[in-house]
Amino acid sequence: MAVSTSGGLLDRNHSQSIFKHAILRRYVTPYAAMVGSSSPGHRVAIVDGFAGRGRYPDGTPASGELILKAAAKASRAIVEATLVEKKRADYEKLAQVVREYQAQGVRAVAHQGLVHEHLNSIVTAAKGIPLFLFLDPCGAVLPFMDLARVLDGERRRARPSTEVLLNFSADFTRRATGALAAGQHNHESLPALDRVCGGTWWREVALQALGPDSTFEPCAEAVARAYTDRLAQMTGMHGITVPVKRRVHHQPVYHLVFLTRSPFGIWVFADAIARARHEWLEALGPQTDNDDDALFSFGDVVKDVINREQEKARVRVRQNLQGIVARRKRTKLVDEVWSVFEGVYGVANDTTVSAALGLAAKSGSVSVIEQGKKIRDSVIGPNIK
């Protein structure tokens, strides 16, 4: 099953990276804790396949260092981080960052080259333990069949956990669709996207989505969703797409594609992207745009926007919880994760759900049968008087 969110828009130079990195910070650590508790030797493998320099020139952590930081602070897991970068100059900087964390006792290694050149050895090293892949290229991601082979086969089972967060470039899709629509069948982007998508199916999807005014935004959205669906179905996973833009009314720069087999993964990712969205709003700041779809009105402050969004999300989650107990006598929330977040995935977080459940329980429309340590573990049912 694949779903799409409406969240993830940022408005500063490289601000789309703020959203992506916020997700990494908020997801990788709880992922390692969840799966590492039952993993042999508490080992967890985390891979950044396009790691770059690992750290920005101003000292800000990039994806590579964010993963190293998560490895350093993991308390219930031993994270084994593998960072890959193809450019020699960037790799040398990355290797220096890795050495800093190795000196702190972090299990980490940096490889120079293309990620697919190291993929077999990475997967072999992670045999029998959880594996999280972060794939964030500038352009085309791994060929579809290469990625599918990693996610299928021995790693098709729910355990050990295998999850992927990847960047599916909307800019690249629009460029390829433009060439296709113009009849430029020899354009280099076409076979490149064929490899990414595992066939030419995307061409028909893109052309069918092409608007009457020849806008390419719906094409990129349609191809990203179809790609996620196909990869999820082939590998027996759940897929989620998150569009990431520079401004509210801009086309997505890329879609983040998340794949997991676990309802816990779906839940924790929901919380991570919702909280990353708050960071996006803070980076976006008050807007003066007059676009109909703008989140901000004149004079708005970020806190006002967040509060309005959260109020709407609480109302929707409360309705969702009431719908769940109307269908079932009792249920653990994580077992109905899609229903809990229906309509607000990417906006509602754990705090939103907790507040909505409190309001529903207070009104008598929902009963909390068991209070879980985490809100996702709580069991609810109809109020029996």
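**Aromatic residues and a buried aspartate**

Begin by selecting Y27, Y31, F132, F258 and F269, which form one aromatic cluster. The model is a predicted one, and its aromatic pairs number 11.

Y31 belongs to helix 1 (residues 15–36) and F132 to strand 5 (residues 131–135), so the pair ties together parts that are 101 residues apart in sequence. Colouring by accessibility shows Y31 as buried, at a relative accessible area of 1%; F132 is likewise buried, at 2%.

Next, select W267 and F341. The ring centres lie 4.9 Å apart and the planes stand at 75 degrees, so this pair is edge-to-face. It links distant parts of the chain: W267 is in helix 10 (residues 263–284), whereas F341 is in the loop between helix 12 (337–340) and helix 13 (350–363), 74 residues apart. W267 is buried, with a relative accessible area of 0%, and F341 is buried as well, with 1%.

Finally, move to D90, located in helix 3 (residues 88–102). Which side chain of opposite charge is nearest to D90? It is R53, at 4.2 Å. A salt bridge requires a distance within 4 Å, and D90 is buried yet has none. Display also the residues in contact with D90, leaving aside neighbours within four places in sequence: these are G52, R53 and E85.

Technical notes:
Residues numbered from 1 in each chain as written. Predicted model: local features only at pLDDT ≥ 70, side-chain atom pairs only at ≥ 80, totals over all residues. Heavy atoms only, no water. Helix = DSSP H or I, 4+ residues; strand = E, 2+ residues; numbered from the N terminus. Buried < 20%, exposed > 50% of the residue type's maximum accessible area, 1.4 Å probe, protein only. Lys, Arg positive; Asp, Glu negative; His and termini not counted. Contact = heavy atoms within 4.5 Å. Phe/Tyr/Trp six-rings, centres within 6.5 Å; stacked < 30°, edge-to-face > 60°.
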